[in-house]
Amino acid sequence: MVAQKKGGGARVSEDAEEQSRQRLQAILLADSFATKFRPVTLERPKVLLPIVNVPMIDYTLAWLESAGIEEVFVFCCAHSMQVIEYLENSEWYSHPNLVVRTIESHKSISAGDALRYMYEQQTETSQILGDFVLVSGDTVSNMPLADLIQEHRERKKKDEKAIMTMVIKKSKSSSLTHQSRLGTDQLFIAVDPLTKQLLHYEEDKIDLAKGSVCLEKSLLDGNPSVLLFNDIQDCYIDICSPEVLSLFEDNFDYQQLRRHFVKGVLVDDIMGYKIFTHEIHSSYAARIDNFRSYDTVSKDIIQRWTYPYVPDINFSGNRPLKLGRQGTYRACDAVQSRSADVGASTVIGYGTKIGNGDIILNSVIGNGCSIGSNVVIEGSYIWNNVTIEDGCEIRNAIVCDGVKIRAGAVLQPGVVLSFNVVVGRDFVVPAYSKVSLLQQPTTEDSDEELEYAESSSGAVDHSSGVNLQIESKASELGPDGAGYIWEVCEGAHDEEWKHSVAPIPKDKLAEITQAIDDDDTEDESVLPPSGELKSDADSINTDVNDPNDDYYYFEKEVEGTFLRAIDENIKVDLVTLEINSLRLSFNMESADCAGAVFYSMMKQAVDTPHNSASELYRNASSIMGKWKELLGFYVKKIDEQIEVIMKFEEMCQESPKELGPVFTQILHFLYEKDVLQEDAILRWAEEKAGADEADKVYLKQCEKFIQWLKEASEEEDEDDEEEDS
């Protein structure tokens with residue numbers, strides 16, 4: 001069943017081939033075909049769940065539209081009517097630059113089924129005109145797509161077997177849990193360093209402590225050098241050729257995109273199809289796969305990594321909020337008591353009332369909420385029209401629409417309250433509890449959500465044949481409560497804390513640490529995050545910049561932030577806010593920030609076209625002159641200024657021919673602009689004076705400048721002495 005957009009028809013070209021070449025299309029899967037967001041997704045589709053008060057699908061559509069996509073096919077399965085009705089009543093059905101079409105199927109229970117259905121539709125209607133973007137409706141990104149699509153098309157012209165390009169990104173994983181910050185298992189891939197062709201993909205759990213991963217010996221056949229990564233995040237954004245749909249049609253055992261399709265293509269020697277990778281650096285891309293990634297992406301949105309898809313900017317018809325100090329966002333009509341304390345990185349929605357003595361920290365509060373007095377909310381997500389009475393405590397929890405939490409109740413970390421649940425007075429909801437008005441299903445099949453979504457309105461049908469009794473309202477949440485506390489399925493206890501919005505429990509961290517200590521693994525046997533495997537070598541050679549070093553990651557993140565600030569002309573105070581958030585996340589000092597900011601500026605100067613040292617100097621002075629305030633924020637102390645000089649010296653040593661000739665000029669420029677004080681430069685010179693001759697190259701280069709500073713300093717001292725006498 002295909003629902004056409006009402007009005008604003010697709011652009012029509014007389015030349016079908018030209019149309020195929022120009023039009024950019026996407027297939028958006030509006031069903032995750034998973035159960036990780038239960039019990040919430042039994043009543044509402046995942047793509048309509050709010051993230052920072054905006055439905056997930058709006059982030060995906062807004063990004064696709066801004067990236068130049070002209071037509072999107074939204075594939076709906078579970079709760080299809082809810083998705084279709086939402087889109088029909090949204091601005092997307094009348095958007096001038098984007099055609100949105102919904103495709104509905106109640107028989108598809110996997111991504112593979114969905115794409116097979118798309119192929120069947122394709123044979124009848126020829127809707128997909130060429131290469132397309134394949135993405136899930138729970139994706140948040142701001143990456144550009146046009147160049148990537150063109151790169152895929154150019155590759156396809158040269159190699160007709162190149163049918164897919166996957167978007168990947170470096171991921172900072174926990175050294176303890178071996179999980180990415182999104183709460184997903186470690187990913188291990190192998191890539192051809194020259195062509196970026198994907199050679200191996202493994203998303204199952206890997207025992208990194210043993211320092212070994214099994215690879216097929218044939219991997220090196222025809223590939224003299226292979227790049228290995230286990231610090232990569234799969235963004236689940238794919239550029240696909242039409243052959244991808246036909247491959248799903250030909251292989252009915254392909255159910256999951258990665259575990260079945262990607263692995264199937266990699267081991268198929270007969271057809272010879274190829275998948276390539278495209279690594280992004282400064283752009284943002286993440287999929288909301290579980291409650292922990294929900295928490296992570298929410299924080300990224302609040303900290304503005306996803307700009308322009310942030311709370312204070314209007315996109316997809318959302319009502320923008322006002323950005324305040326410490327990264328707080330507040331609706332213009334929100335009512336807050338003077339005695340209430342709303343802390344950093346908090347969002348307050350429209351029509352919400354906050355009572356006396358409330359403490360709200362690092363949380364998102366939705367629209368139309370009523371919060372009583374002396375309530376503590378920390379690290380939590382309160383959706384719309386929630387009532388919280390006096391004296392409640394809510395920590396690291398998710399509270400869905402219409403929930404009522406009576407006075408004195410406590411939600412321990414990791415709790416999820418589904419729609420319209422009532423927590424009784426003074427009741428304590430145990431940690432990691434999932435609570436719903438619906439009884440827990442007897443099985444965990446993902447297609448069971450379809451059974452709860454068969455009514456015409458798309459809402460839960462309590463009169464259907466499925467057992468959805470809500471009779472014993474007071475039995476599990478106190479005498480005046482309503483809801484069922486679901487039991488944790490056998491073998492899923494570890495998943496509860498790994499995939500929760502709550503911090504990892506101390507006892508779990510202690511267990512993991514002890515397990516690693518027991519392994520007593522030698523440092524040299526630990527598998528590094530990335531490296532190059534060569535056919536004539538027995539070991540992995542890692543890059544000069546050790547990705548295990550937190551500063552390496554921090555510097556890259558700051559560089560990405562600075563590049564985005566240039567591209568989008570972000571104000572200095574907002575850039576500072578983002579860098580400060582990174583500083584806290586990576587536990588860095590102000591001097592580290594100074595070095596990273598200066599590195600980002602000089603790297604941008606180098607990357608800007610230039611044909612001589614004088615042109616490079618003009619590039620650098622222009623960039624640093626414009627962003628002087630940003631660098632100045634982190635160089636208020638002498639030690640921080642010395643850090644900048646040392647960082648510049650380090651960069652010159654790495655690129656002596658390009659940066660070496662401008663060392664003295666840049667140093668003098670920073671001095672003239674009052675970024676560096678003479679005391680900092682002279683102290684650096686004194687420290688360098690006792691170094692080896694090989695380390696004094698740039699000190700000697702600026703001898704005249706140093707001497708001039710010393711003489712000027714001595715003259716000032718003499719003048720001061722005369723005045724004193």
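How many residues does helix α8 have, and how far does the helix reach from its first C-alpha to its last? Helix α8 (residues 291–302) has 12 residues and reaches 17 Å between these two atoms, close to the 16 Å expected at 1.5 Å a residue; the expected span is 1.5 Å times one less than the number of residues in the helix. Helices (H or I, at least four residues) and strands (E, at least two) are DSSP runs, numbered from the N terminus. The model is predicted, so that local features need pLDDT of at least 70 and side-chain atom pairs count only at pLDDT 80 or more, whereas totals for chains, interfaces and linings use all residues. Residues are numbered from 1 along each chain as its sequence is written, and side-chain values use heavy atoms, with hydrogens and water left out.

Because 11 of the 12 residues of α8 are buried, the helix is largely enclosed by the rest of the structure. Buried denotes under 20% relative accessible area, exposed over 50%, and partly exposed the range in between (1.4 Å probe, protein chains only). The buried residues of α8 include Phe291, Arg292, Tyr294, Asp295 and Ile302. At the N-terminal end, Asn290 caps α8, with a side-chain oxygen 3.0 Å from the backbone nitrogen of Arg292. After α8 comes Arg304, whose phi is positive, near 75°. Two residues of the helix, Phe291 and Tyr294, also belong to one aromatic cluster, together with Phe37, Tyr381, Trp383 and Phe419.

Aromatic pairs were then examined. Rings of Phe, Tyr and Trp (its six-membered ring) pair if their centres lie within 6.5 Å; planes under 30 degrees apart count as stacked, over 60 as edge-to-face and the rest as tilted. The structure holds 17 such pairs. In one of them, the ring centres of Phe633 and Tyr634 are 4.9 Å apart and the planes lie at 80°, so the pair is edge-to-face. Phe633 is partly exposed, with a relative accessible area of 35%, whereas Tyr634 is buried, at 0%. A tilted pair is formed by Phe663 and Trp684, with 5.9 Å centre to centre and 40° between the planes. This pair links distant parts of the chain, 21 residues apart: Phe663 is in helix α19 (residues 663–672) and Trp684 in helix α20 (residues 678–689). Phe663 is buried, with a relative accessible area of 0%, and Trp684 is likewise buried, at 1%.

Charged side chains also meet aromatic rings. A charge sits over a ring if NZ of Lys or CZ of Arg is within 6 Å of the ring centre and within 35 degrees of the ring normal. The charged end of Lys636 sits over the ring of Phe633, 4.5 Å from its centre. Lys161 lies over the face of Tyr273, at 4.9 Å from the ring centre.

A search of the whole structure finds 24 salt bridges, each being a side-chain nitrogen of Lys or Arg within 4 Å of a carboxyl oxygen of Asp or Glu. Glu151 and Arg155 form one of them, at 3.1 Å from N to O. These two residues are 4 residues apart in helix α5 (residues 146–158) and are therefore separated by about one helical turn. Glu151 is partly exposed, at 28% relative accessibility, while Arg155 is buried, at 16%. Lys274 forms a salt bridge with Asp159, the closest N and O atoms being 2.8 Å apart. Because Lys274 lies in strand β14 (residues 274–280) and Asp159 in the loop between α5 and β9 (162–170), the pair ties together parts that are 115 residues apart in sequence. Lys274 is partly exposed, at 27%, and Asp159 is buried, at 19%. A further salt bridge joins the side chains of Glu389 and Lys404 (4.0 Å, N to O). Through shared partners, salt bridges join Glu389, Lys404, Arg406 and Asp480 into one network.

Met624 is found in helix α15 (residues 613–626) and is buried, with a relative accessible area of 3%. Leaving aside neighbours within four places in sequence, Met624 is in contact (heavy atoms within 4.5 Å) with Phe598, Met601, Met602, Ile666, Phe669 and Leu670. The C-alpha atoms of Met624 and Phe598, 26 residues apart along the chain, are separated by 8.4 Å.

Notes
A polar contact is a pair of N or O atoms within 3.5 Å; within protein, one must be able to donate a hydrogen and the other to accept it, and residues adjacent in sequence count only if both atoms are side-chain atoms.
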